[in-house]
Amino acid sequence: MTTENEIRRPRRWLRGFFKYLALTLMLIVTILVAAHFAWKYSGSNRWVKVIDKNGIQVYTLKSPGQVLKRFRGVTHVKTKLAAAVDLMMQTDTKDCSDWFPGCTSVQAIQPWNPQDLTYIHLFRLKAFRPFAPRETLLKGRATQDPVTKSVLIEFMAMPDDLPPNDCCFRVSHMHNTWRYTPQANGEVEVEVRMNVDLGLPYVMFNRFIPGGVYKTLSRLPKYVDNERWQKAQFDSIQEVN
């Protein structure tokens with residue numbers, strides 16, 4: 001016959017187990033919260049080189065108070081400045097998927113204007129599960145410095161200019177730049193800077209973006225050398241002989 005003490009022992013064990021589990025979970029949450037704030041308020045606000053190979057350098061910058069890093073990549077290519085503009089401001093879905101892996105569609109809101117070198121396009125990119133596809137309403141703009149002849153291409157998010165679509169997460173912050181600066185040896189220095197929030201976990205974002213910047217820059221010579229881009233000419237872009 002089961003005694004009262006024999007019945008109570010399993011109950012006490014279960015209570016002890018759940019108490020231990022609750023304390024363990026509280027400790028884990030406390031550690032994660034502390035780690036989050038320690039990361040958020042850390043940072044030197046200086047560029048730190050994280051990749052340097054095959055003529056490509058990639059840097060990261062962590063600012064106190066921010067959880068997302070900013071990214072910078074530098075390399076050199078042989079190209080015309082107009083070719084770089086034409087490549088970067090491509091306007092159809094095929095080009096987008098070639099240049100930006102994961103791009104699934106491009107919709108022209110303000111078509112490409114070769115006179116003032118601007119467009120407004122709605123880009124859609126697939127994301128890793130379980131995240132929804134990302135949708136970015138971007139204004140692209142190219143300008144040339146009259147003194148140095150460097151060309152600056154900017155991509156700026158305009159999240160509120162169109163209602164969001166239910167299918168996707170609308171990216172609210174992006175100001176990415178590409179600068180093409182002619183060099184004395186006939187090459188062009190390429191500098192890309194990324195300041196963007198894709199709405200992804202910052203641990204994942206900060207870890208994988210440097211490799212993505214490196215891969216993009218490593219593909220650049222192949223893309224920009226295409227005869228299609230090299231034939232481009234724009235009245236407002238002056239080449240350097």
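This is a predicted model: local features need pLDDT of at least 70, side-chain atom pairs count only at pLDDT 80 or more; totals for chains, interfaces and linings use all residues.
Seven salt bridges are present in the structure. One of them joins Glu 191 and Arg 72, whose closest N and O atoms are 2.6 Å apart. Glu 191 belongs to strand S10 (residues 188–194) and Arg 72 to strand S3 (residues 70–77), so this pair ties together parts that are 119 residues apart in sequence. Glu 191 counts as buried, at 12% relative accessibility. Arg 72 is likewise buried, with a value of 18%, which falls under the 20% limit used for that class.

A further salt bridge is formed by the side chains of Arg 124 and Glu 135, with an N to O distance of 3.0 Å. Arg 124 is located in strand S5 (residues 118–125) and Glu 135 in strand S6 (residues 134–144); the pair therefore ties together parts eleven residues apart in sequence. The two partners fall into separate accessibility classes: Arg 124 is partly exposed at 27%, whereas Glu 135 is buried at 0%. Salt bridges with shared partners also join Arg 72, Glu 191 and Arg 193 into one network.

The side chains of Lys 49 and Asp 52 meet in another salt bridge, at 3.3 Å from N to O. Here Lys 49 is partly exposed, with a relative accessibility of 45%, and Asp 52 is partly exposed as well, at 47%.

Arg 72, already described as a salt-bridge partner of Glu 191, lies over the face of Tyr 59 at 4.8 Å from the ring centre. The charged end of Lys 53 sits over the ring of Tyr 214, and the distance to the ring centre is 4.9 Å.

Four aromatic pairs are found in a search of the whole structure. In the pair of Tyr 119 and Phe 123, the ring centres are 6.3 Å apart and the planes stand at 50°, so the arrangement is tilted. Tyr 119 and Phe 123 are both buried. The rings of Trp 178 and Tyr 180 have centres 6.5 Å apart and planes at 15°, and this pair is therefore stacked. Trp 178 is buried with a relative accessible area of 6%, and Tyr 180 is buried with 1%.

The structure has one disulfide. This link is formed by Cys 167 and Cys 168, with their sulfur atoms 2.5 Å apart. The angle about the S-S bond is -85°, and the link is left-handed. Cys 167 is partly exposed at 38% relative accessibility, while Cys 168 is buried at 12%.

Helix H2 (residues 81–88) is mostly covered, with eight of its eight residues buried. Among these buried residues are Leu 81, Val 85, Asp 86 and Met 88. Helix H1 spans residues 4–40 and contains Leu 21. Leu 21 is partly exposed, at 34% relative accessibility, and contributes to a nonpolar surface patch of about 480 Å². The patch is made by Leu 21 together with Phe 18, Leu 25, Ile 28 and Leu 32.

Several backbone features occur in loops. The peptide bond from Arg 129 to Pro 130 is cis, with omega near 10°, and Pro 130 is found in the loop between S5 and S6. A positive phi, near 55°, is found at Leu 117, a residue other than glycine. Leu 117 lies in the loop between strand S4 (103–113) and S5 and is buried at 2% relative accessibility. Lys 149, also a residue other than glycine, has a positive phi near 70°. Lys 149 is placed in the loop between S6 and strand S7 (151–157) and counts as buried at 18% relative accessibility.

Notes:
Residues are numbered from 1 along each chain as its sequence is written. Side-chain values use heavy atoms; hydrogens and water are left out. A salt bridge is a side-chain nitrogen of Lys or Arg within 4 Å of a carboxyl oxygen of Asp or Glu. Buried means under 20% relative accessible area, exposed over 50%, partly exposed in between (1.4 Å probe, protein chains only). Helices (H or I, at least four residues) and strands (E, at least two) are DSSP runs, numbered from the N terminus. A disulfide is a pair of cysteine sulfur atoms within 2.5 Å. Rings of Phe, Tyr and Trp (its six-membered ring) pair if their centres lie within 6.5 Å; planes under 30 degrees apart count as stacked, over 60 as edge-to-face and the rest as tilted. A charge sits over a ring if NZ of Lys or CZ of Arg is within 6 Å of the ring centre and within 35 degrees of the ring normal. Patches are made of residues with over 30% relative accessible area and no salt bridge: like charges are joined within 9 Å, nonpolar side chains (Val, Leu, Ile, Met, Phe, Trp, Tyr) within 5 Å. Accessible areas come from the Shrake-Rupley method with a 1.4 Å probe; for residues, only the protein chains shown count as cover.
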